[in-house]
Amino acid sequence: MDKIYLNDCRFYAYHGALKEEQVLGQIFVVDLILSVDLSKAGQTDKVEDTVHYGLVFEAVKEEVEGTKHALIEHLAETICHKLFNGFPLINAITIKISKENPPINGHYHSVSVELERVR
């Protein structure tokens, strides 16, 4: 299956199970892999024959920045549903959401969840 990648999309939002996360906010990093049949777009050179990644970015941004979630697992699941509903050409989604600065005492680069969903 063909793929469209949106890499390292960064958003500032207020997700988290802890009160300080919901008040102070932090950066969330979203990576997406969209499985799409791109053969028609490859032949026609028309954006309507593919998944417009600019619109995908806006849909993800709207969810990440617009609605608070306690868990990034729930945020990722919600984004998958939103993308499947809004973009009928998407056959499967792999989404990874990372927090680079969650309130964990220790040294690490980030914490992440990754989901794979198939229509």
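Author: A residue is called buried when its relative accessible area is under 20%, exposed when over 50%, and partly exposed in between, for a 1.4 Å probe and protein chains only. By that scale Phe57, at 28% relative accessibility, counts as partly exposed, whereas Phe11 is buried, with a relative accessible area of 2%. The model is predicted, so local features need pLDDT of at least 70 and side-chain atom pairs count only at pLDDT 80 or more, while totals for chains, interfaces and linings use all residues. Residues are numbered from 1 along each chain as its sequence is written, and side-chain values use heavy atoms, leaving out hydrogens and water.

The sheet comes next. Helices (H or I, at least four residues) and strands (E, at least two) are DSSP runs, numbered from the N terminus, and two strands pair if DSSP finds at least two bridges between them. Here four strands make an open sheet in the order 1-2-3-4, with antiparallel pairing. Strand 1 (3-13) and strand 4 (111-118) are the edge strands, each pairing on one side only. From one strand to the next, the twist averages 15°; axes are lines fitted to C-alpha atoms, for helices over the stretch in contact, and angles run from 0 to 180 degrees between N-to-C directions.

Strand 2 (residues 26-36) pairs with strand 3 (residues 90-99) over nine bridges in the antiparallel sense. Within this pairing, Phe28 has Lys99 as its bridge partner, and Leu32 has Ile95. Strand 2 is also joined to strand 1 by nine bridges, again antiparallel, and Lys3 stands opposite Ser35 of strand 2. Eight of the eleven residues of strand 2 are buried.

Helix 4 (residues 72-86) lies across strand 2, strand 3 and strand 4, at about 150° to strand 3.

The structure holds two aromatic pairs. Rings of Phe, Tyr and Trp (its six-membered ring) pair if their centres lie within 6.5 Å; planes under 30 degrees apart count as stacked, over 60 as edge-to-face and the rest as tilted. Phe11 and Phe57 form a tilted pair, 5.3 Å centre to centre with 35° between the planes. This pair links Phe11 in strand 1 to Phe57 in helix 3, 46 residues apart. Tyr12 and Tyr14 are edge-to-face, because their ring centres are 5.8 Å apart and their planes stand at 80°.

How values were computed: Contact means heavy atoms within 4.5 Å.
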